[in-house]
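Please examine the sequence and the three-dimensional structure shown below.

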Amino acid sequence: MDKILRIDMGSSGGPKCTVSDLGGYAGFGGRAMTSAIVAQEVPPLCHPLGAENKLVIAPGLLSGTIAAMSGRLSIGCKSPLTGGIKESNAGGQPAQVLARLGYAAIVIEGKPAGDDLYKILIHKDGVAITADNSLKMMLNYDLVAKMKQEFGEKICCISIGPAGEMKMNAASIACTDMEQRPTRHCGRGGVGAVMGAKGVKAIVLDDTGMPVRTPRDPEKFRDANKRFVEGLMKHPVTGQGLPTYGTNVLTNIMSEAGGYPTFNFQQGSFDGASKISGETLAELEKKRGANPTHGCHRGCVIRCSGTYNDKNGNFLTKQPEYETVWSHGGNCGIDDLDAIAMLDFLDDNIGVDTIEMGATIGVAMEAGIAKFGDAEAAIAMVKEVGQGTYLGRILGGGAAVAGKVFGVERVPVVKGQAMPAYDPRAVKGIGVTYATSPMGADHTAGYAVTANILKVGGYVDPLKSDGQIELSRDLQIATAAVDSTGMCIFIAFAILDQPETFQSLLDMLSACHGVSITADGVVDLGKNVLSMERDFNARAGFTKDHDRLPRFFSTEKLAPHQVTFDVKDEDLDRVFNW
Amino acid sequence: MKITVKLFATLRTDRFEQDVLHAESGTSVQQMIDMLTIPPDEAAIIFVNGRHADLRTALSDGDTLSIFPPIGGG
């Protein structure tokens, strides 16, 4: 993994590839790599859909090795949704395969002059870029089937659906899973629109003939990985809770805690929570012959995902994640798992972010476009997004755009990006992360739900403002580092509680790269990534006034605890003072 | 006094999802957990009326006690 592939889509005479060594980007992976390249090379004031923007795709520092959980792929660019820097990551197979092909990053630059649509094949013998207009407006599942037909069964795909081609703000980039289904998405920030603007429909990867990446010290590496896996298996969340119930186990606890945004953030608990909870979902999956315990990539030992079958026992979609069950479920007043699973499938197939899409439909329901709880209307709306009708184009623009078009005041976004499944008034630590993350509202950027609700990594009362700044700061730093390793963020549950598991991760990084990596080094990496991202945003015109939640969170009390978001502005401004 | 008890995830196995239990006034969370034969390390997250509580919290008539094993997601 010692080279960077650059593809200039705007080159006269057609797309042109160059391969270089890592140069100044040596030592970076995942989010550190994408953010370093974007911060260094993309003019911050460029239009996100213009030729000057770059789409950077990077496996993590440990991807492609035998390290468990190392399959996250980072995709970065200037975001059309937020106008700031973006890194969105996903599981699936591509990170491992890209790393084994030897690429630390693919950088897609420029913009084709015409309207041809391209597919890119990367394998051990090189890169082939071909215009293929038969792929235009193809849905992700059909597209992957066609690529398999053309390039064989051993490929994996990174692709966009119609939403990306239409350059919608909510457009995602799909990554195929172990069964070659396009179910794992770099969802956030409209990265799919940037890929669409580059005229790239699919990147097909085939690592046939390429070995697993060899660490510098294979013996130490194997030993560290063994201890790491033991630590994950030992911790009750990563060893039992997540495999059994998946991420949707959070529905009940968030609703019980009064922090479950319901009816577009109008209240903090949902009467229908039990009907769509992780417990109910896992039971239904088993009853229908689906699998509630399934990894999203080879080497995943937590296996928080699963498969969802329809009433007739046929595969419909992967097990919908908590965020999706919330956004399309409780946030819209919908308590029907079959409807939510259908929405999950449609989102994956069209290629849109499930969080942004559900939040947008919530805003549309508040505007009276449909009634809260109307699942059929929600399904019809997502179909319109895929068809690109006028309404579909507005909804595909995301919650902030839809809120402006429909004249809605209660629009839950920060930096233009929709909030996920935790109300910041009743989970104040996550509110600090939403407000201050360079990514816009993003729970994964500093998941304070751990200490606020789940009592992992300590306890900070979610209903009080005390301690939330420090909690969010530490988690944002740690996350920026973990996102650079290719590791799934769920390893955090174990490494926050078990020092020996954190040490095994450090040992693995050290043995992989032949250098000594300490806890301080990891913290420095995290700070470095955040500093690069914040510097880019500052040059793109962001100020401290963008590090704020929408006003209604300070003025409208949230039931049942009757709380507002009351972390002081001056405290938000010191999150990044380290 | 009457306490509404809600159990989640694995704690439901061989027990129940939700029930109204009678207890003497002043009963603590710890006493309720003992009554339900939940091993101490499995009662990881405890809410009384939607607020985090601990084992010593004394319950009052009409309270809702929600108990979760160690869980996470996101």
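**Chain A as a whole**

The model discussed here is predicted. Chain A contains 23 helices and 16 strands. Its C-alpha trace extends over about 60 × 55 × 50 Å along the principal axes. Of the 578 residues in chain A, 66% are buried. The accessible surface of this chain amounts to about 19000 Å², and carbon and sulfur atoms account for 49% of that area.

**Domains and nonpolar cores**

The domain assignment divides out two regions of chain A, domain 1 (3-205) and domain 2 (248-422). Taken over C-alpha atoms, the centres of domain 1 and domain 2 of chain A are separated by 25 Å. Across the boundary, 35 residues of domain 1 of chain A are in contact with 37 residues of domain 2 of chain A.

The largest nonpolar core comprises 141 residues. The residues with the most contacts inside this core are A:Met69, A:Ile253, A:Met254, A:Tyr422, A:Leu454 and A:Met487. Helix α11 (residues 337-350) of chain A supplies the largest share of the core, namely eight residues. A second, separate core has 31 residues, including A:Ile173, A:Val194, A:Val200 and A:Ile203.

**Strands of chain A**

An open sheet of chain A is formed by six strands in the order β8-β7-β12-β9-β10-β11, and their pairing is mixed. The strands β8 (126-131) and β11 (184-186) of chain A stand at the edges with a single partner strand each, so one side of each has no neighbour in the sheet. From one strand to the next, the twist averages 20°. Within this order, strand β9 (residues 156-159) and strand β10 (residues 173-175) of chain A run antiparallel and are joined by two bridges. In this pair, A:Ser159 stands opposite A:Ala174 in β10(A).

Strand β1 (residues 3-8) of chain A pairs with two further strands. With strand β2 (residues 16-21) of chain A, β1(A) runs antiparallel, joined by six bridges. With strand β6 (residues 103-109) of chain A, β1(A) pairs in the parallel sense over six bridges. A:Leu5 stands opposite A:Val19 in β2(A), and A:Leu5 also stands opposite A:Ile106 in β6(A).

**Strands of chain B**

Strand β5 (residues 64-68) of chain B is mostly covered, with four of its five residues buried. Strand β1 (residues 2-7) of chain B runs parallel to β5(B), while strand β3 (residues 45-48) of chain B pairs with β5(B) in the antiparallel sense. The bridge partner of B:Val5 in β5(B) is B:Leu65, and that of B:Ile45 is B:Phe68.

| Strand pair | Direction | Bridges |
|---|---|---|
| β9(A) and β10(A) | antiparallel | two bridges |
| β1(A) and β2(A) | antiparallel | six bridges |
| β1(A) and β6(A) | parallel | six bridges |
| β1(B) and β5(B) | parallel | four bridges |
| β3(B) and β5(B) | antiparallel | four bridges |

**A covered helix**

Is helix α16 (residues 428-436) of chain A mostly covered or mostly exposed? Helix α16(A) is mostly covered, and nine of its nine residues are buried. Among them are A:Lys428, A:Ile430, A:Val432 and A:Tyr434. The buried residues of α16(A) pack against β15 (413-414), α17 (449-454), α18 (468-485), α21 (519-539) and α23 (569-572) of chain A.

A:Phe493 lies in helix α19 (residues 491-497) of chain A. Why is A:Phe493 counted as buried? Its relative accessible area is 2%, and a residue is called buried because this value is under 20%. A:Phe493 touches residues of both chains, including A:His235, A:Leu242, A:Tyr447, A:Leu454, B:Gly72 and B:Gly73. One of these, A:His235, is 258 residues away from A:Phe493 along the chain, yet their C-alpha atoms are separated by 7.8 Å.

How values were computed
Residues are numbered from 1 along each chain as its sequence is written. Chains are lettered from A and ligands numbered from 1 in the order in which they are written. This is a predicted model: local features need pLDDT of at least 70, side-chain atom pairs count only at pLDDT 80 or more; totals for chains, interfaces and linings use all residues. Side-chain values use heavy atoms; hydrogens and water are left out. Two strands pair if DSSP finds at least two bridges between them. Axes are lines fitted to C-alpha atoms, for helices over the stretch in contact, and angles run from 0 to 180 degrees between N-to-C directions. A nonpolar core is a set of buried Ala, Val, Leu, Ile, Met, Phe, Trp, Tyr and Cys residues joined through side-chain atoms within 4.5 Å. Buried means under 20% relative accessible area, exposed over 50%, partly exposed in between (1.4 Å probe, protein chains only). Contact means heavy atoms within 4.5 Å. Accessible areas come from the Shrake-Rupley method with a 1.4 Å probe; for residues, only the protein chains shown count as cover. Domain bounds come from an automatic or database domain assignment. Lists of a residue's contacts leave out its neighbours within four places in sequence.
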